[in-house]
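Hi there,

Here is the structure I promised to pass along. Have a look at it first, and my notes on its side-chain contacts follow below.

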Amino acid sequence: MDTLSYKTLPATPATIQKEWVVIDATDQILGRLCSKVAKILRGKNKPDFTPYLDCGDNVIIINADKVIMSGDKMNKREYLRYTGYPGGQRVFTPADLMEKSFKKTIKSGKHPLFIKVVKGMLPKGPLGRGLIDNLYVYNGSEHPHEANNPKVIDINKMK
């Protein structure tokens with residue numbers, strides 16, 4: 001028996017097929033949605049997953065303002081940030097970050113709450129910093145990525 005024919009080859013940058021995916025966040029729980037998004041960004045849902053390469057898809061999340069959190073976590077959960085100076089620890093709630101996403105000073109497609117949550121689920125280091133750039137989150141149902149022909153997927157049917 002020729003066992004060389006059974007070898008699994010790792011993906012290379014030339015063989016990676018990246019797609020654009022649209023996910024509707026209406027009435028979705030934030031943490032469960034973001035864990036599935038992190039899996040898609042990483043490429044773990046594909047058969048040719050390679051841990052050290054960016055083989056995931058580009059993800060567009062629409063209706064991010066309609067996402068929910070169970071209980072009173074929207075106001076009681078706290079996220080920390082440190083400026084680097086003495087006394088520079090800042091505390092934010094998800095409601096604060098959601099409110100910040102409606103400001104015009106925030107770059108389009110970069111929702112602070114989703115970036116914070118998904119970034120914690122990605123690998124730390126250069127790979128994770130590159131993967132978070134493939135995430136685009138919009139509060140409304142419109143997005144400027146129609147030219148990329150994104151396909152709409154139902155996140156509830158994903159494992």
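Lys 46 and Asp 57 form a salt bridge through their side chains, 2.7 Å from N to O. Both residues belong to the loop between α1 and β2, eleven residues apart. Lys 46 counts as buried at 16% relative accessibility, and Asp 57 is buried too, at 4%. Please keep in mind that this is a predicted model.

In the whole structure, the search gives three salt bridges. Another one joins the side chains of Lys 18 and Asp 54, at 3.1 Å from N to O. Lys 18 lies in the segment before β1 and Asp 54 in the loop between α1 and β2, so this pair ties together parts that are 36 residues apart in sequence. Here Lys 18 is partly exposed at 36%, and Asp 54 is partly exposed at 26%.

Glu 19 and Lys 151 also meet in a salt bridge, with 3.3 Å from N to O. Glu 19 sits in the segment before β1 and Lys 151 in strand β6, 132 residues apart.

Now to the rings. There is one aromatic pair: Trp 20 and Tyr 136 are stacked, 5.6 Å centre to centre with 25° between the planes. Trp 20 is in strand β1 and Tyr 136 in strand β5, so the pair ties together parts 116 residues apart in sequence. Trp 20 and Tyr 136 are both buried.

Tyr 136 has a charged neighbour as well: the charged end of Lys 110 sits over its ring, 4.9 Å from the centre. Likewise, the charged end of Lys 100 sits over the ring of Phe 92, 5.8 Å from its centre.

Best wishes

How values were computed. Residues are numbered from 1 along each chain as its sequence is written. This is a predicted model: local features need pLDDT of at least 70, side-chain atom pairs count only at pLDDT 80 or more; totals for chains, interfaces and linings use all residues. Side-chain values use heavy atoms; hydrogens and water are left out. Rings of Phe, Tyr and Trp (its six-membered ring) pair if their centres lie within 6.5 Å; planes under 30 degrees apart count as stacked, over 60 as edge-to-face and the rest as tilted. Helices (H or I, at least four residues) and strands (E, at least two) are DSSP runs, numbered from the N terminus. Buried means under 20% relative accessible area, exposed over 50%, partly exposed in between (1.4 Å probe, protein chains only). A charge sits over a ring if NZ of Lys or CZ of Arg is within 6 Å of the ring centre and within 35 degrees of the ring normal. A salt bridge is a side-chain nitrogen of Lys or Arg within 4 Å of a carboxyl oxygen of Asp or Glu.
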